[in-house]
Amino acid sequence: FGLTHLFVTARQSALVIARMAAPCKVEWLPEPLVDLGFAPVPWSERTNSVIQFGRKHEDYHRALLRGMGSAGFEYRYEKSKGNVLFPSMSEFSVALGRSKVSVCFPSDLTHPERAGNVSTMTQRYLQSMASGCLIIGSSPPEMTDVFGYDPVVSADMDDPAGQIARILENEDDYRGLIERNLAAVRTQSVAKRAESIADFLNR
C-alpha cells in the first residue's frame, strides 16, 4: 500500500511487522483511553460488586459462578453472547462507575484461537481504571511498561469468589491502587497519543 509509517497498538505485533515491513517505519502506540464521560462514585456509594463485560474468561467465569453461593456479592456479566449488558454507552459508563471490581483478562487468555500469543492492553482495562474499579484478572506485560507498575490484582484461579469476598471485606487495603490507577489513566488520553505520533513523524 506504499505506507511510510504504521502505528500498531499491540507491542508484540509491532515488533513482528517491523521486521517484515521495511522500509515502512513501524511504531508501537498503545491504545488510548476513549473518554466516555466516566464518573466514578465513592466506593461506599457503589451498588455493583463485580462486573465482567464483553468477552469472558470462561474457566474463571465458571469457577466464580460455582463459588458465589456463600460469597454474598453481586456478579454482572453478559448472559449470552451478543446480549450486551447495557444498551447505550451512557448506561455502560454509569454502571461501570458504580462497580467495585472489574474482571479483565487479555484476549490471548480468553480467545487464544483468535489472538494467538499476542497479549495487549485494550479499552476494558483503561475504562475500568477510569471508572475507579479495582481490576482483577491478568495484565498484559506491556501494561507495566505503559504505567511503570502493574495496575491489576492477579486473579486467584482456584478460588475467585473467595478472593473477591476477601477484597470486598477489606476494601481500604486497595484504595491506594485504585487512586493510583485513576491518576495514571489520565495520562493515556487520545491527545497524548497524538503527541506521540507527532514526535515519531518528526524524528
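**Notes on the predicted model**

1. In helix α3, which spans residues 89-97, the residues Phe 92, Ser 93, Ala 95, Leu 96 and Gly 97 are buried, where buried means under 20% relative accessible area, exposed over 50% and partly exposed in between, with a 1.4 Å probe and protein chains only. The cover over the buried residues of α3 includes β3, β4, β5 and α6, contact being taken as heavy atoms within 4.5 Å. Helices (H or I, at least four residues) and strands (E, at least two) are DSSP runs, numbered from the N terminus.

2. This is a predicted model, in which local features need pLDDT of at least 70 and side-chain atom pairs count only at pLDDT 80 or more, while totals for chains, interfaces and linings use all residues. Residues are numbered from 1 along each chain as its sequence is written, and side-chain values use heavy atoms, with hydrogens and water left out.

3. An open sheet is formed by 5 strands in the order β4-β3-β5-β6-β7, with parallel pairing; two strands pair if DSSP finds at least two bridges between them. Its edge strands are β4 (75-77) and β7 (153-154), each of which pairs on one side only.

4. Strand β3 (residues 48-52) pairs with strand β5 (residues 99-104) in the parallel sense over 3 bridges. Within this pairing, Val 50 has Val 101 of β5 as its bridge partner, and Ile 51 stands opposite Ser 102 in β5. On the next pairing, β5 and β6 run parallel over 4 bridges, with Val 101 opposite Leu 134 in β6 and Val 103 opposite Ile 136 in β6. Because 6 of the 6 residues of β5 are buried, this strand is largely enclosed by the rest of the structure.

5. Strand β6 is joined by 2 bridges to β7, in parallel, and Ile 136 has Val 153 of β7 as its bridge partner.

6. Helix α8 (residues 160-169) lies across β3, β5, β6 and β7 and runs at about 160° to β6. Axes here are lines fitted to C-alpha atoms, for helices over the stretch in contact, and angles run from 0 to 180 degrees between N-to-C directions.

7. Two loop positions deserve a look. Ser 119, in the loop between α5 (112-115) and α6, is buried, with a relative accessible area of 9%; from Ile 135 it is 16 residues apart in sequence and 17 Å apart in space, C-alpha to C-alpha. The peptide bond from Ala 22 to Pro 23 is cis, with omega near 10°, and Pro 23 lies in the loop between α1 (11-20) and β2 (25-28).

8. The structure holds 6 aromatic pairs, rings of Phe, Tyr and Trp (its six-membered ring) being paired if their centres lie within 6.5 Å, with planes under 30 degrees apart counted as stacked, over 60 as edge-to-face and the rest as tilted. In one of them, the ring centres of Phe 7 and Phe 200 are 5.2 Å apart and the planes stand at 70°, so the pair is edge-to-face. This pair links distant parts of the chain, with Phe 7 in strand β1 (residues 5-8) and Phe 200 in helix α10 (residues 190-201), 193 residues apart. Phe 7 counts as partly exposed at 27% relative accessibility, whereas Phe 200 is buried, with a relative accessible area of 8%. Phe 53, Phe 86 and Phe 92 form one aromatic cluster.

9. Arg 11 lies over the face of Trp 28, at 5.3 Å from the ring centre, and Arg 180 lies over the face of Tyr 149, at 3.6 Å from the ring centre. A charge sits over a ring if NZ of Lys or CZ of Arg is within 6 Å of the ring centre and within 35 degrees of the ring normal.
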